Every structure is written in structure tokens, then in C-alpha cells.
Amino acid sequence: MARRNREIGKAGWGYTAITSVVGFIYFFPVFWIILTAFKTRTDALATPPKLFFTPTLDNFTSVFYRASITTGTSQATDMGLYFFNSIFIAGTSVGLALIVGTLAAYAFSRYPLRGNDTYLFIILTTRMMPPIVVIIPIFLMFRLSGLAGSYWGIILLYTAFNIPFSVWLVKSFFDELNPEIEDAARMDGATEGRVFFRFCIPQILAGLSATFVFGLILTWNEFLFALLLTGVETRTVPVAMARTLGGEVGVDYGLLAAIVTLFLIPIFFVTFLLQNQLLRGVTFGTVKK
Amino acid sequence: MKSRNVLRGLMGATVLAASFGSAPAFSADITITMAAPDWPPTRFMKEHFDATYTSPAGHNTTLDMDFIPWPSFYERVAASLTSGEQKYQMIVTDSQWLGAFVEGGYYLNLTDRINADPELTAIMQDLHPALVSAYSTYPHRTRAQLEEAGVVPAPGVNYYGFPQFPDTYVTYYRQDIFCHEGEMAAFQEKYGTNLPCTYEDWQDTDWEKFAQIGEFLQRKKGDMLAGEVLDDDFYGIAYQAGKGYDFSSMQINAFIWQQGGDIWDESKAPDAQAEGVVNSDIAVKAFDQYLSMIQYMPPVARTGQMDIFVEQDLYMQGKVGAMIDWVGLGEPVLDPTASKVHDKSAFGPAPGSRQADGSIDRTGNIGGQPFVLTTWNSDEVVDEALNVVKWWLKSDTQLEAVKNGGQSGLKSVMAMPEYNDLRPWNRAHVEMIDWQKDVWHIPEFFEMLTQQQEEFDKAITGQIGAKEALDAIAEFQQELLEDGDYIK
Amino acid sequence: MADAAHHRGGFGAWLLDPKRRGALLVTPAIAILFVMNIFPLMWSFGLSFFNYKASSLKVPKFKGLDNYHDVLTDEKVWERFQTTAIIVSASVVLQLIIGFLLALMFAKAFPMRRIVLMLVLTPMMLSFVSVGVFFKLFYEPTFGIVSFVINLFTEERFVLLGSPEGAIAGIVIADAWMWSPFVMLLVLAGLVSVPKYLYEAAEIDRASAWRRFWTITFPYIKSLLLLAVLFRTIETFKLFDIVYIITEGGPGSTTETIAVYLYRTAFQFFKTSQSSALAYIVLFIVIVLTNLYLYAVNRRAEEID
């Protein structure tokens, strides 16, 4: 609360009204997608586009159940499992990347090695490679090591994808801290572990939350590697979502929208909960090379 | 998974054999993992297998279908095969991928097994030769070449696949419009010929009339159509004109073949040329005719985005009078929850080019998918997989498949009296299947297709003309094929 | 401390020596990166010197730099690079402008800010695939809502994706819409951390708004803006799904980005080695661009200091 006064002025409800209009215009495509989730196919493709219609929950039912071809009875899809997989895989890998990345970032910030910046840059370059190129080697590697189709395989891979971003962001937070406080604590006999956990981490919690949210957003919807490296048991929602894109009909807009809407809920709430941290004011350091 | 199960089954059998002192037939647990696109024809196969299959060899067989969403099916299969994962025992495949994956050593050559097995031989004899040519042979042999041999299987030909879902394109049309008396009379008056209403009328419909239909039925919002005021613009006709995958080549090839032109003919390698054939005057004229009808189609056609699904949607939402599309996309058109025209649709053969003798040539490019076996399996698994093939291509199974929205490639099944009534497009499908040819199967297929689709797309979006597009395609193919020693 | 540890001896103590603490802390990150990223990258780097085709049984032959030569002399590749450059720069600039304006809007505290802010943050939580699919639907001339709105004012049906310019615009709008919130969030983080007393001081000095922005606000958001540009450029360079879904590279090949071309070469044409070479050229270009950019920024930072 004390930080509130750092913001550039305060505004009242009038300002809320203006920003809401702008916000809603920006949100409109998402709103339309959510609306589509409640439409039949003919409503979704109506001309002119329909804002008012009789809503149906059929699309949401179809996310979890579908009719058998031969008997017409309703069969459960594995969508529930896929939702769990997505949450588990993304959550674990982003968390892991944050832990590992924070340790590395602390080292880069406090114990610079010779050629520190070069190492940092190399870490960043792994994010620049078009992923399509490493697919065949990774696919082969996964098969040889037995990681294909397992949770650990895809979690480790996503962790690797998130490390560059985590290291770079978290390092910039550490750089901003005042090392004199840490030195003073050391003078008082605090161990390195205590300095790290008691002095450094609490000060950058907001930044860590921001990094977690960014990582989650970048991982949540990953498609290509999930398609190739997950098995039937470990499949994630983005892969399963592809079944709505064509087969007997073109895109099943209602079903796709229903999955998108459901899939939006977890990440929306995580972001909403961590939003306070994001807005408390995160100062990032200068990027140097 | 599979090998462990086989081993366990074998061990169990050995113990049994030892204890009884005699050797009964080996009964094993066999799991056949099949890569399959996630759609009704394959889901039917799985459900029906679980309900009806018993192994003639006495095995305990599981068909484990790995359902992969259609849009990412190719990527998943290609990655699995090329990485050497060896996960699948059977694979549903597009016929055009045969070359790449046969040359890669992934698809099993079944020629010897077919020759040695009278049951399989009989199946191959009963399959429609157009399907055998397109779905099974590599190096590719045309239907004419196969029929010339006089025997099935033809000597010197390599066989790989069997039909999972044989597909052709047919005309979907709005009976309420085409059989509307006022519209029929107006059409008759304007063009001096009839607006096709019955199946027989469509049998006599050529591209010229199809274009007239396009012009005639193109109406603006507020105009009258079949006695009602339109609440939106309406378009007469649609066929595929999309940049993606093969969503224009399949239709353009038909125009070219029907008028006596040709694509590069791989069955005549190394003598067949691309330059001078692909861009022959006939081909240019045929492609021009294809392009001339774009103006009568919904405006999305001008973006080069009217793929097989977009035209299906436009038709289902009542924006188009008649469209040419795959039979495999037919079921949703009859579904009241998805389609506004579910009770107004009828089906006929796709139009063709009028020949000098007055007959109509409807040569078309075949669709659908065969399924194949892979190379890394034990004899036991291959034998059992072939038992699954035989089960699938039994007339009972095939008839059941057709009832559930599938199609059959067996001549005996298509000749059954009840066949035409099972689905409303079956008559048209049977008529069309006789006209089918296929595009190339060589491993370079995708490179040729992508470049061709790109040039076609430029012409469809009006950036270049037909001649320019075909010249560019011919030049590219000639060079590529000479480099690959396909043209000498 | 160090000496005492040394006397006690043993590998554990050696490892925990403060001299090695930095290296020790970095090790887990580097290990994961090495196994999951660097090793496969080196693998494909090796492949780029052979004529390996993943779909062929032929034993690959060493070809030296031939693949690099082929790729660099391929006209198509240069066209794809141009297309990519246009899309990346247009999209990143648009993201910066929109993101910046949104951040300014949300920098003030106002009632229900948390909720309104969520409206703007949502687009980047969608998948590329769904953004691609729905924007394609919005642009569709018959069913699309964009076409519907524009048709209220025009007679002719609005066809956006029929021309190269329109198709590029369609892609850029979708991508910029999706990722502007990312830029906004970073800029906003900087904006809200500007101490208020600085503004009060400026108020007393009667500094102009422009001057206030450059002297007070900008230093606080500078490094964040920099990060935003850096990450968005790197990510947009890899833009694939949105392009592939909205236009498939069309009309013709006018919107085919290097990522789409790379996908075709690697997965459709199975030119595994050649695609590796192309990917390394892409990587090289991105590295050079990043370095130029960081160099320019740091020099400018020095000038200001």
C-alpha cells in the first residue's frame, strides 16, 4: 500500500470508464472467442456475425465427451487428463527454471566469472534458434534415453527453454539491489545462505513473480514439441486442441473456443493473483554486453 | 510395449507346451500400434475392431490406435519415422507420401506376401484398379499399366498399401434451388439448356454449364433466389482454390487431364518431360478455364484461401449453390446442427470436359488414404497385421464401414444392390472412382507440390496469368527432376 | 574460512570453496541447457556439413560448406529474409507503440485497475494457433466480423488477404495484438517504479511534459524497453503458427517467413542438412542483430551518462 504513492498520480471513476472502454476494445477478440464457445456452428458462422443468440453448452460437453461412431453412446475424452498435464508440466518446468535460473542469476550478478557476459549471451542465444531445427536431434535423443512420452522429458525441455529468460530477468533484479546491505549482513556474521534467502530473495519477490508469469505465458501454449514428444498419457491441451482444426469439417469453432476458454482460466487466475506483485514496481537493471 | 508383450505371450505358451507335452498353436499377446488421423473413418475402424475382431491365428490382438489430429498428422508421422522411433506397426498415409517413406525404408513391401497368400491376392483383385494404382504401387504404376499386365498382382510391380478411406470429389448441390421451377425456367430461357436438377442432369453437366450456373446464381443481398429474398450475397459455385497442402492442385490437375493435357508422368520416367508438357498450350487453356470460374465464387476465393473446408463451410451455411468437394466431407453437410442445408442437399458426379464425340471426360485426382505396414516388425506381427488387413477388407466390415460414413474400395461391395442407398453420395462416388488418377509419388513430391501450389496461388489471386504460372512450374520441375535423375 | 575448509579437506569442501561458488551456482542451469539445447544444436550443426536427408537410407556424405553456399545463393532464401524483416520490424514497432500507450494508460492508479488491466493482458495467454484461427475467421470476407464492420461503410466486399500488402497487414495486426501486452507489462513495471517525489520536484521546476518524460520517466523504463525490444524481436523472428494458419505464406510466397520456409525445408522436403545450415545462418543473423542493438544501446547509455 505504501508503494501506491509512487504511481504517477491517481484518478477516479471517470478514468476507469475511459480505460474500460479502451480495455474492452482490446479485449474484444477474446470476448468474441468466449462468445463463440457458447454458439452452435451455424451461429458461429452466421452472417452478419451474431452478438445475440441462444447460448448452448454443447461445446463444453464436447470437450469432455464425444459420441461413439458405431453406437452413438457418449464416450469420455481424455481432456481432463490433458488439462492436468498442461498445468503440471508448465507449472513444474517454469518453477524449476525459476529456481535454477535464480541460482545462476545470483552467481552472474555476485560472482562474475571471466567472460561473464559471453556466458550470459550464449545462454540467450539458445532462445534464438528456430526450434524446428533441433527437433530431429531432440526426438532421437528422447527415444534413446527413454524420455519420450514421459513427464520428465517434456518438463526438462521446457525448463531449458525458460532458463534464458529467467536468468536474464532475475539477474537484472539482483543487479539493482544494494550490495552494501549484503556486505553489512556478512559483517554481522550472516552466512552466505542467510544473505541469499533472508536479504536478497525477499527484495526481488515481485520480480520473481513477474518472471514466473512471463515463463508460464511462454510455456502454457507451446505446441510443436508437445506434439512430438508427449505420449498418449502426457499429451497437453494445445496438442489435443488441434483435433478441432480439421478432419471431417474445417475448424470446429465452437469446440476450439470452448477449449480455449477453459484453458484460459488457470493462467488467467495465476496472472491475476500475481498481478499485485507485478505492479508493485519492478526495477530492472541495464542490459549489458 | 509390443515386444515385451510378445515375449510374455511366447513364454506363457512355452510353459503350456512343456506341461502338456505337445505343441499347440502359439498364442501370443500382440499389440499393433497404428498411426491414424483422428476422424470418423479411423475411429470407426478402432471401435469395430474392438467389437468384432478375433485373430484367426488364435492370438490375443490389440489394435492400439494413436489418434493424431489431422492438421498435425503428417508432422507427427514424419518425425516418428525419420527419427527411427519404430513406434508404429501400421500407418494411415496419404498416397503421395509413399515414395518418401518407401525410399526411407519405413513402409513394408508386401508384394511377396500378396503373391504367396491367395486370400490377399483375391482382395487385390477385388480392389478397384484405380485405387490399387494410386494407393499401393511404388514406383508408381498407372491403372492402364496394371490392366495391361492382365493379371493381379501384376508382375514386376511393388505393392504397399490398402484403402483405409478411398475418396473422390463429387458435386454437392442445393436441390431446393436447382429444382425450383422458376429458376429452371429462367435458366432455360437465358442459356438454352436445363438447370441440372436430377442426378442424370448432372451426368450431362460440363464445365461450360457449371460456369453458366455460377453466373446465373450469383445474386446480391435483397435479390430473389428460388422464391425467397436473400439476406446476404449468394454465389453460384465453388471448388477448391486454396494455397494450403494440395487444395488447388487436386482440382486443377482434373481440368488439365480432362482436356488432354498432362502433368509430369512419373510412370513414364525417365522419358517423360516436365518442360513442354506441364506448360503445354492445352494445359494453359485448361488452367485458364479453371481460373475463369473464380469470379463466380465467394470472395474468399480471391485470397487463395478457399480450401476444401472453407468451401464446405460456405456451402453448409447456404452461401453457395453447388460445390465440388470430397465425399469424406459429406457427413457434416447432412448434420442439422452444423448445416443449414442438411435437408436441401443432393449429390451428383463432378462436372467434366465435353469431348469431340459429345461424351464428358471427368478424370479427377484421387483423394483418401491407404494404410501400410512398417518394416521393423517380426514375422509374427506382420502376419497378424495382415490378418487385420483381411478383416478390414472383408465385405461385412466394409459394408459396416460404409454405413458408418466410410467408403469401400472393393468392387464387389460397390456392386451390391443396397450400396447406392447407404449414403446419398454413393452413386456419384462409384461413378467418379472410375475416373481417378493420382499425382506424383516420388520422394520429391512435397517440393513439387509446394512450388506448384505457390504458383497456382499467384494466378488465383490475380498476380500472374495461367501461362506464366505453368511456365514457372515446368521450369522448376524440369530442373528438380533432372537433378534427381528422373528425367534423363 | 577458506583455509579452515581446505584443512578439513575432501571433495565436498573443495567444491564449496567460495572461489567456486559462482561456478557451482551456474552449473544446474548450464547442465540442463547443455543437455536439452546446446547438445542438439551441436548435433544439427554437425549435420549441416553433410548431405543428410532424414527420409533417405543413403549414408550421408560430407559436403563441407556446400549447404551454406547453396542456401546463401538461393534467391528464395533472400526473399524470405526480406519478408521476415518486414513483418518483424512492423510488428515489433507496433507492439512498442501500443504497449507503450497502454502502459501510460495504466500507470495511474484508478478504481478497478486490476480488473481492467486483465482485459488487456489476456491476448498473450492465448495460443498462437487459436489467435491464427480466429483472426483468419475475422478476416474472412463472408463470415468475418472485420469484413462485416468494413462492409457497413463500403459497397464492395472487403477482402484483406487477397493482396500481399493486405496479407502482411493481417499477420502483423494479429501478432502485434497478441504481444503488445507483453511490452506493456515491462514498460508498466518501469513506470510505476518512478519515485513520485521526482515528479513533484519537476512540477516545482515547471519542466515541460516532454522534458519530464525524457529526464525522469525514460531512464526508469529504458532498460525494460530494451529488454522488451530484444525479446520480442527474437521471438517474432521465429513467428510460424500465425503465418502458417492465416496465409500459409500466400498470396504466392509473399508472406512466407523464414520460419515457415525452414519448416518446409526440414519437414516437408526432408533436406535435413540444408535446413540446419539455413537455421545456423538465421541464428547468426539474429546474433549479429542483437549485438549491434546492444552495442548501440550501451553506447547511447554512455553518451547520456
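In this predicted model, the centres of domain 1 of chain A and domain 2 of chain A, taken over C-alpha atoms, are separated by 29 Å. Domain 1 of chain A covers residues 2–76, and domain 2 covers 79–244 together with 263–279, where the bounds come from an automatic or database domain assignment. Chain C is also assigned two domains, with domain 1 at 1–47 and domain 2 at 65–304, and their C-alpha centres lie 37 Å apart.

Before I go on, a word on conventions: residues are numbered from 1 along each chain as its sequence is written, while chains are lettered from A and ligands numbered from 1 in the order in which they are written. Since the model is predicted, local features need pLDDT of at least 70 and side-chain atom pairs count only at pLDDT 80 or more, whereas totals for chains, interfaces and linings use all residues.

Let me turn to how the chains touch. How many residues does each side bring to the contact of chain C with chain A? Chain C brings 82 residues and chain A brings 84, and two residues are in contact if their C-beta atoms, placed from the backbone, lie within 7 Å. On the side of chain C that touches chain A, helix H3, residues 21–47, gives the most, with 16 residues; helices (H or I, at least four residues) and strands (E, at least two) are DSSP runs, numbered from the N terminus. By class, that side of chain C has 62 nonpolar, 14 polar and six charged residues, where Ala, Val, Leu, Ile, Met, Phe, Trp, Tyr, Cys and Pro count as nonpolar, Asp, Glu, Lys and Arg as charged, and the others, Gly among them, as polar.

The contact between chain A and chain B takes 24 residues from chain A and 34 residues from chain B. Helix H2 (41–44), helix H6 (135–145) and helix H11 (224–229) of chain A each supply at least two residues to the side of chain A that touches chain B, and H6(A) gives the most to that side, with five residues. Sorted by class, this side of chain A holds twelve nonpolar, eight polar and four charged residues.

Now to the nonpolar cores, each being a set of buried Ala, Val, Leu, Ile, Met, Phe, Trp, Tyr and Cys residues joined through C-beta atoms within 7 Å. A residue is buried if 20 or more other C-beta atoms lie within 10 Å of its own, exposed if 12 or fewer, and partly exposed in between, with the C-beta atoms placed from the backbone. The largest core has 317 residues, and those that touch the most other members are Ile237(B), Ala238(B), Phe287(B), Val187(C) and Leu188(C). Helix H9 of chain C, residues 164–191, gives the most to this core, with 18 residues. Leaving aside neighbours within four places in sequence, Leu188(C) is in contact with Ala103(C), Phe106(C) and Ala107(C). Another core, of five residues, lies apart from the largest one, and its members include Ile69(A), Phe44(B), Met45(B) and Ala401(B).

One open sheet of five strands has the order E2-E1-E3-E16-E4, with mixed pairing. Why is one side of strand E2 (60–68) and of strand E4 (162–167) of chain B left without a neighbour in the sheet? These two strands stand at the edges, each with a single partner strand, so one side of each has no neighbour there. Within this sheet, strand E1 (residues 29–37) and strand E3 (residues 90–92) of chain B run parallel and are joined by two bridges, and Met34(B) has Met90(B) in E3(B) as its bridge partner. Helix H16 of chain B, residues 379–392, packs on the sheet, touching E1, E2, E3, E4 and E16, and its direction makes about 55° with that of E1(B); axes are lines fitted to C-alpha atoms, for helices over the stretch in contact, and angles run from 0 to 180 degrees between N-to-C directions.

I will finish with one residue, Ser55(B), which lies in the loop between helix H2 (40–52) and E2 of chain B. Is Ser55(B) buried or partly exposed? Ser55(B) is partly exposed, because 16 other C-beta atoms lie within 10 Å. Beyond its neighbours within four places in sequence, Ser55(B) is in contact with Thr61(B), Glu384(B) and Asn387(B).

How values were computed: Pairing = 2+ DSSP bridges.
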